[in-house]
Amino acid sequence: MDDRKPIVIVKDLNYRYDRDWVLKNIQLTVNKGDFLAIVGPNGSGKSTLLKLILGLLKIQQGEILLFGEPLERFRHWEKVGFVSQKANAFNKAFPATVFEVVRSGLTKRNGLFKPYPKTTVKKVIEALKAVQMEEFLYRNIGELSGGQQQRVFIARALIGDPELLILDEPTVGIDTKRVSAFYELMQKLNREKGITLIIVTHDTGIISKKVSHVACLNKHLYFHGNSSEFEQFDQKELSSFYGHEVKILTHDHQEGGME
Ligand code: ADP
């Protein structure tokens, strides 16, 4: 079996909401086992690209293949986990337990909730164990810290055993010293469970030490390569692409354990 098979292929993709193109001529391949970070300034089209890959927006021009199948025909959404932006911003009084949130990850895309068998509780606990949150099973989601809520949502995405996990700005709103712990968790899922990962992030400084590949997006794809190629990528060029100075650090300067 070829371990490097493409999980996502984006070909000649253009997209616009109204008059102006938001994504232009995007070509991108994500292979099995890759851990890809998509970086770029605000409004550069990162979320739009994720939404197109997730089938949440209709393709206008170009093509996306998921697990080798054109997106329009792709039905195996259980292979894809998604953690949306601000998945860690629950109101204190929101009436749902951690168990309920994680279990909802088993809901089919058609929105139908089947009565759940006894094994579901076991599955929820397993998913929470993967993010070291099992002791919070029956706590209310709103009582948890931002970082803890986010790990619950990662567990929600993991409960269906996805082969591809997509996270939109997962480190926003998390204490900087917890950011390293987040990347350690992602690296573990990537290496031990073989999950292919795509994240959108602003952690440009540390990213080359955390992921296997980086894509720099600003309507066009300016750069796509592995992390050592990204470290070689001209900092001046990157700064002009961002519109302000951006430093790529070549050492890991962040500390911090799990919350
Ligand atoms: P990013 O995730 O990089 O911040 P987005 O993909 O959210 O960028 O947005 C890219 C561009 O598309 C921005 O100019 C944004 O204002 C615009 N945009 C995003 N969503 C919509 C929408 N629903 N309707 C119209 N324009 C949108």
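**View 1. Strand E8 and its parallel neighbours.** Leu164 stands opposite Thr196 in E8, and this pair belongs to the parallel pairing of strand E7 (residues 164-168) with E8, which runs over five bridges. This is a predicted model, in which local features need pLDDT of at least 70 and side-chain atom pairs count only at pLDDT 80 or more, while totals for chains, interfaces and linings use all residues. Residues are numbered from 1 along each chain as its sequence is written. Helices (H or I, at least four residues) and strands (E, at least two) are DSSP runs numbered from the N terminus, and two strands pair if DSSP finds at least two bridges between them. E8 also pairs with strand E3 (residues 35-39), again in the parallel sense, over four bridges. Here Ala37 is the residue to look for, opposite Ile199 in E8.

**View 2. The two covered faces of E8.** Strand E8 (residues 196-200) is mostly covered, with five of its five residues buried. A residue is buried if 20 or more other C-beta atoms lie within 10 Å of its own, exposed if 12 or fewer, and partly exposed in between, with C-beta atoms placed from the backbone. One side of the strand carries Thr196, Ile198 and Val200, and the other carries Leu197 and Ile199. Follow the chain from E7 through helix H5 (residues 176-192) into E8 and you trace a right-handed β-α-β unit. Right-handed means that, with the strands pointing away from the viewer, the path from the first strand over the helix to the second runs clockwise.

**View 3. The shell around the ligand.** Tyr17, Val22, Gly40, Asn42, Gly43, Ser44, Gly45, Lys46, Ser47 and Thr48 surround the ligand; a residue counts as near if its C-beta atom, placed from the backbone, lies within 6 Å. This shell divides into two nonpolar, seven polar and one charged residue. In that count Ala, Val, Leu, Ile, Met, Phe, Trp, Tyr, Cys and Pro are nonpolar, Asp, Glu, Lys and Arg are charged, and the others, Gly among them, are polar. Helix H1 (residues 46-53) gives the most to the shell, with three residues.

View 4. Six of the eight residues of H1 are buried, so the helix is largely enclosed by the rest of the structure. They are Lys46, Thr48, Leu49, Leu50, Leu52 and Ile53.

**View 5. The open antiparallel sheet.** Four strands line up in the order E2-E1-E4-E5, with antiparallel pairing. Strand E2 (21-31) and strand E5 (69-70) are the edges, each pairing on one side only. Strand E1 (residues 6-16) meets E2 over seven antiparallel bridges, and Val8 stands opposite Val30 there. E1 also pairs with strand E4 (residues 61-66), over five antiparallel bridges, where Lys11 has Glu63 as its bridge partner. Also in E1 is Asp12, a residue other than glycine with a positive phi of about 45 degrees. Asp12 counts as exposed because it has 11 C-beta neighbours inside 10 Å.

**View 6. The hairpin of E4 and E5.** Two antiparallel bridges join E4 and E5, and Leu65 stands opposite Pro70 in E5. Two residues lie between the strands of this hairpin, in which Phe67 takes a positive phi near 50 degrees. Glu69, found in strand E5, is exposed, with 12 other C-beta atoms within 10 Å. Glu69 and Ile7 are 62 residues apart in sequence, yet their C-alpha atoms are 9.4 Å apart in space.

**View 7. Inside the largest nonpolar core.** This core holds 66 residues, of which Leu36, Ile38, Val102, Val152, Ala155 and Ile166 touch the most other members. A nonpolar core is a set of buried Ala, Val, Leu, Ile, Met, Phe, Trp, Tyr and Cys residues joined through C-beta atoms within 7 Å. Leaving aside residues up to four places away in sequence, Val152 touches Val98, Val101, Val102, Met133, Ile141 and Leu144; residues are in contact if their C-beta atoms, placed from the backbone, lie within 7 Å.

**View 8. The loop between E9 and E10.** Lys219 lies in the loop between strand E9 (213-218) and strand E10 (220-226). Its phi is positive, near 70 degrees, in a residue other than glycine. Lys219 is partly exposed, with 19 other C-beta atoms within 10 Å.

Note on methods: Two residues are in contact if their C-beta atoms, placed from the backbone, lie within 7 Å.
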